[in-house]
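Okay, thanks for making time, everyone. I'd like to walk you through one model and how its parts pack together. Let me put it on the screen.

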Amino acid sequence: MNWDDVRVFLAVARTGTLTHAATHLKLGVATVTRRLDRLETDLGVKLFSRHQSGYFITDEGAALLSRAETLEQAGQAFEATEVNQAIGHVRLATAENLANPLIIPALNHFLNIHPDLTLEIVTGADTINLHRRDADLAIRMIKPNHGNVTLRRIGTLGFGLYGSTEYLNGRPVSEQSAFLESDYLIGWMENYSHLPPAQWIERALSGRPARLLTSSLAGQLAAASAGLGLAALPHFLARRSNLKCVLSELGLDQTIWLVIHSDLIHSRRVRAVADFIIDLFEQKADDLAYACT
């Protein structure tokens, strides 16, 4: 059972609504809903009956309330002790397109809570091997199938086809791909032809040359923003660049995995960073997965 889910259960029981519980916990309503649904699924019971006027605790929920409060008291006592302090250095490997716009802007509050913790974020092109301890934990789009690692699914990265307002020139957004035959498309250099977005663009080109080839996601964003053509991009990055969605579903959505070396799963310093990443990606789940409506 996840302690964060129990906190949500207690907050909803005490406030009677998702909105008030979310405010109390300083979380989004969507996050509170997901955690409550997860707890009910794990327990196999309905903890609340849902009504327009609020959430009313069920008999099954009431039977668990005192136990949840006991767990809360134990958790507060544990958090108050020095043994729970995260101390040391942690190396996190991730993609630059997740580090710069998403993770780094959220770090100030986290590192203020853990003043004795330092963090190194590795975003280079070099292969990071957790088994060799090149990093303590990593965020990956491809699920590792070997090595002494522990995995957790933390989200979905959604992709769409995007262009600039200048390039689209006021034409209506279409869910049909036929018009792509006359569009400029931005492709990837041959070394990156294995990437799913590169393969999608190659299929859409149907033998035509791409107007421009790049070797980075930053280059793809810059080219699309400059009006050079259409690019297959993550929804959340394209929105930040004020690009317009032409096709919202490309079949390229990728699962985001948090990977931790199994020997470090109980390390307080690594666990603190892992919990921060899990909570951050849970808060940003909708932004990462879905296109603008």
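Predicted model: local features only at pLDDT ≥ 70, side-chain atom pairs only at ≥ 80, totals over all residues.

Numbering runs from 1 along each chain as its sequence is written, and side-chain values use heavy atoms, with hydrogens and water left out.

Cores, then. By nonpolar core I mean buried Ala, Val, Leu, Ile, Met, Phe, Trp, Tyr and Cys residues joined through side-chain atoms within 4.5 Å. Buried is under 20% relative accessible area, exposed is over 50%, and partly exposed is in between, with a 1.4 Å probe and protein chains only. The largest core has 59 residues, and Leu137, Trp200 and Leu258 are among those with the most contacts inside it. Its largest share, 9 residues, comes from helix α11, residues 268–283. There's also a second, separate core of 18 residues, including Val6 and Phe48.

Helices here are DSSP runs (H or I, at least four residues), numbered from the N terminus. With 16 residues, α11 spans 22 Å from first C-alpha to last, close to the 22 Å expected; that expectation is 1.5 Å times one less than the number of residues. Buried residues in α11 include Val270, Phe276 and Glu282.

What does Leu258 touch, leaving aside neighbours within four places in sequence? Contact means heavy atoms within 4.5 Å, and the partners of Leu258 include Ile139, Arg152, Ala274 and Ile277.

Now the helix pair. Helices α2 (residues 18–25) and α3 (residues 29–43) pack at about 105 degrees, axes 9 Å apart. Axes are lines fitted to C-alpha atoms over the stretch in contact, and angles run from 0 to 180 degrees between N-to-C directions. So α2 is roughly perpendicular to α3, a label covering 65 to 115 degrees. Leu18, Thr19, Ala22 and Leu25 in α2 meet Val29, Val32, Thr33 and Leu36 in α3.

Last, two residues. Gln220 sits in helix α9, residues 217–225, and is buried at 0% relative accessible area. Beyond its sequence neighbours within four places, Gln220 contacts Trp188 and Leu233, among others.

Leu288, in helix α12 (residues 285–289), is buried too, at 0%. Its C-alpha is 5.4 Å from that of Phe236, 52 residues apart along the chain.

Notes
Helix = DSSP H or I, 4+ residues; strand = E, 2+ residues; numbered from the N terminus. Parallel < 35°, antiparallel > 145°, perpendicular 65-115°, else oblique.
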